[in-house]
Amino acid sequence: MSAWTDDELRRIEHADELDMAAVRRNGELRKATPIWAVRVGDDIYVRAAYGAGSGWYGAARTTHQAHISAGGVERDVAVEDADTSVLDQVDRAYRSKYGARYASIVDKLVEPEHRANTARLVPPESDR
């Protein structure tokens with residue numbers, strides 16, 4: 001069972017961007033950064049375009065926590081490493097959602113160095 005509701009998944013899937021405010025080590029939220037997010041099955045995935053230690057991704061990977069907003073959905077989430085078995089599906093989701101408008105950017109996002117920076121966003125079950 002997904003921690004996301006069907007409505008949340010649909011709204012995030014159809015939002016052009018997701019605002020990600022990673023939690024800092026001191027518990028404060030960083031300024032929200034608009035990023036691309038894709039849906040694969042009942043999960044939401046994001047990918048760092050500027051490297052593993054940069055910006056929102058570096059902070060989110062340190063604390064494994066963030067607050068997101070997309071399509072009218074606002075949630076605290078855990079930021080987890082994506083299982084490597086889903087990376088091809090995440091690539092296809094990026095190409096499907098963003099490839100027609102941003103082909104050269106998506107081509108970079110599906111390169112191995114960026115695939116390694118794929119995270120799954122998971123809301124706590126208690127938030128439902």
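Which residues lie nearest the centre of the largest pocket? They are Arg-47, Ala-48, Ala-49, Tyr-50 and Leu-109, out of 20 residues that line the largest pocket. This is a predicted model: local features need pLDDT of at least 70, side-chain atom pairs count only at pLDDT 80 or more, and totals for chains, interfaces and linings use all residues. Residues are numbered from 1 along each chain as its sequence is written, and side-chain values use heavy atoms, with hydrogens and water left out.

**Largest pocket**

- The volume of the largest pocket is about 380 Å³.
- Helices (H or I, at least four residues) and strands (E, at least two) are DSSP runs, numbered from the N terminus.
- By class, the lining holds 11 nonpolar, 5 polar and 4 charged residues.
- Ala, Val, Leu, Ile, Met, Phe, Trp, Tyr, Cys and Pro count as nonpolar, Asp, Glu, Lys and Arg as charged, and the others, Gly among them, as polar.
- The search runs on a 1 Å grid over the protein atoms alone; a pocket is an open set of points where a 1.4 Å probe fits, with protein on both sides within 12 Å along at least five of seven lines.
- Lining residues have an atom within 4 Å of a point.
- Grid points are joined across faces, edges and corners, and the volume is the space filled by probe spheres set on the points.

**Helix α1**

- Helix α1 spans residues 6-14, and Glu-8, Leu-9 and Ile-12 are buried in it.
- These residues sit on the same side of α1, because they cover an arc of only 100° around the axis.
- The arc is that of the directions from the helix axis to the C-beta atoms.
- Buried means under 20% relative accessible area, exposed over 50%, and partly exposed in between (1.4 Å probe, protein chains only).
- Asp-6 and His-14 are exposed, on the face of α1 turned away from its buried side.
- The buried residues of α1 pack against β1 (18-22), β3 (37-40), β4 (43-47), β5 (65-70), β6 (73-81) and α3 (87-98).
- Contact means heavy atoms within 4.5 Å.

- Glu-8 has a relative accessible area of 12%.
- A polar atom of the Glu-8 side chain lies 2.9 Å from the backbone nitrogen of Thr-5.
- A polar contact is a pair of N or O atoms within 3.5 Å; within protein, one must be able to donate a hydrogen and the other to accept it, and residues adjacent in sequence count only if both atoms are side-chain atoms.
- Not counting residues up to four places away in sequence, Glu-8 touches Ala-3, Val-73 and Arg-75.

- Helix α2 is mostly covered, with 7 of its 9 residues buried.
- The buried residues are Trp-56, Tyr-57, Gly-58, Ala-59, Ala-60, Arg-61 and Thr-63.
- They pack against β1, β2, β4, β5, β6 and β7 (118-122).
- Thr-62, also in α2, is partly exposed at 41% relative accessible area.
- Thr-62 and Val-79 are 17 residues apart in sequence and 9.4 Å apart in space, C-alpha to C-alpha.
- His-64 lies in the loop between α2 and β5.
- Phi of His-64 is near 60°, a positive value in a residue other than glycine.
- Most residues other than glycine have a negative phi.
- His-64 is partly exposed, with a relative accessible area of 36%.

**Asn-117**

- Asn-117 sits in the loop between α5 (112-115) and β7.
- Asn-117 is buried, at 8% relative accessible area.
- Its side chain reaches the backbone oxygen of Glu-113 at 3.2 Å.
- Not counting residues up to four places away in sequence, Asn-117 touches Val-46, Arg-47, Ala-48, Gly-51, Ala-52 and Tyr-57.

**Partly exposed sites elsewhere**

- Gln-89 is in helix α3 and is partly exposed, at 36%.
- Gln-89 and Tyr-45 are 44 residues apart in sequence and 10 Å apart in space, C-alpha to C-alpha.
- Pro-124 lies in the segment after β7 and is partly exposed, at 35%.
- Leaving aside neighbours within four places in sequence, Pro-124 is in contact with Arg-75, Asp-76 and Val-77.
- Pro-124 and Ser-69 are 55 residues apart in sequence and 15 Å apart in space, C-alpha to C-alpha.
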